[in-house]
Amino acid sequence: MAQGHKDANREWMYGYLAEDLEEMGFEHVLHYNKDGEPQAVDYGLISTLVLELVKEQHSEIELLKEKIKRLEEK
């Protein structure tokens with residue numbers, strides 16, 4: 001670990017753990033070793049995944065706003 005990173009205490013700079021992403025169900029952004037264990041993260045796919053999640057959350061937020069509006073009108 002570089003001294004500057006140690007001093008700044010920025011563990012988040014190193015990225016995601018492949019095992020953590022696998023546990024969350026994001027196998028499609030992982031590369032596996034010959035034993036079938038998660039070994040590496042395809043960070044290029046992470047941005048696509050995040051964009052899809054944001055779009056899904058945006059749709060959900062819009063639905064919830066509409067429900068609130070209808071409830072307030074009653």
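**View 1. Helix α2 and D20.** D20 sits in helix α2, which covers residues 18-23; helices (H or I, at least four residues) and strands (E, at least two) are DSSP runs, numbered from the N terminus. The model is predicted: local features need pLDDT of at least 70, side-chain atom pairs count only at pLDDT 80 or more, and totals for chains, interfaces and linings use all residues. Residues are numbered from 1 along each chain as its sequence is written, and side-chain values use heavy atoms, with hydrogens and water left out. With a relative accessible area of 37%, D20 is partly exposed; buried means under 20% relative accessible area, exposed over 50%, and partly exposed in between (1.4 Å probe, protein chains only).

**View 2. A patch of negative charge.** On the surface, D20 gathers with E19, E23, D35 and E37 in a patch of negative charge. Patches are made of residues with over 30% relative accessible area and no salt bridge, with like charges joined within 9 Å and nonpolar side chains (Val, Leu, Ile, Met, Phe, Trp, Tyr) within 5 Å. Asp and Glu count as negative and Lys and Arg as positive, while His and the chain ends are not counted.

View 3. H31 has A40 of β2 as its bridge partner. Five residues lie between the strands of this hairpin, where G36 takes a positive phi near 80°.

**View 4. K55 and E52 in helix α3.** A salt bridge joins the side chains of K55 and E52 (3.0 Å, N to O); the term requires a side-chain nitrogen of Lys or Arg within 4 Å of a carboxyl oxygen of Asp or Glu. The two residues are three apart in helix α3 (residues 43-73), so about one helical turn separates K55 and E52. K55 is partly exposed at 45% relative accessibility, and E52 is also partly exposed, at 40%.

**View 5. E62 and K65 in helix α3.** E62 forms a salt bridge with K65, and their closest N and O atoms are 3.6 Å apart. Both residues lie in helix α3, three residues apart, about one turn of the helix. E62 is partly exposed, with a relative accessible area of 36%. A search of the whole structure finds two salt bridges.

**View 6. The whole chain.** Three helices and two strands make up the secondary structure elements of the chain, in the pattern α-α-β-β-α along the sequence. Of its 74 residues, 12% count as buried.

Notes
Accessible areas come from the Shrake-Rupley method with a 1.4 Å probe; for residues, only the protein chains shown count as cover. The place of a charge is taken as NZ of Lys, CZ of Arg, CG of Asp or CD of Glu. Two strands pair if DSSP finds at least two bridges between them.
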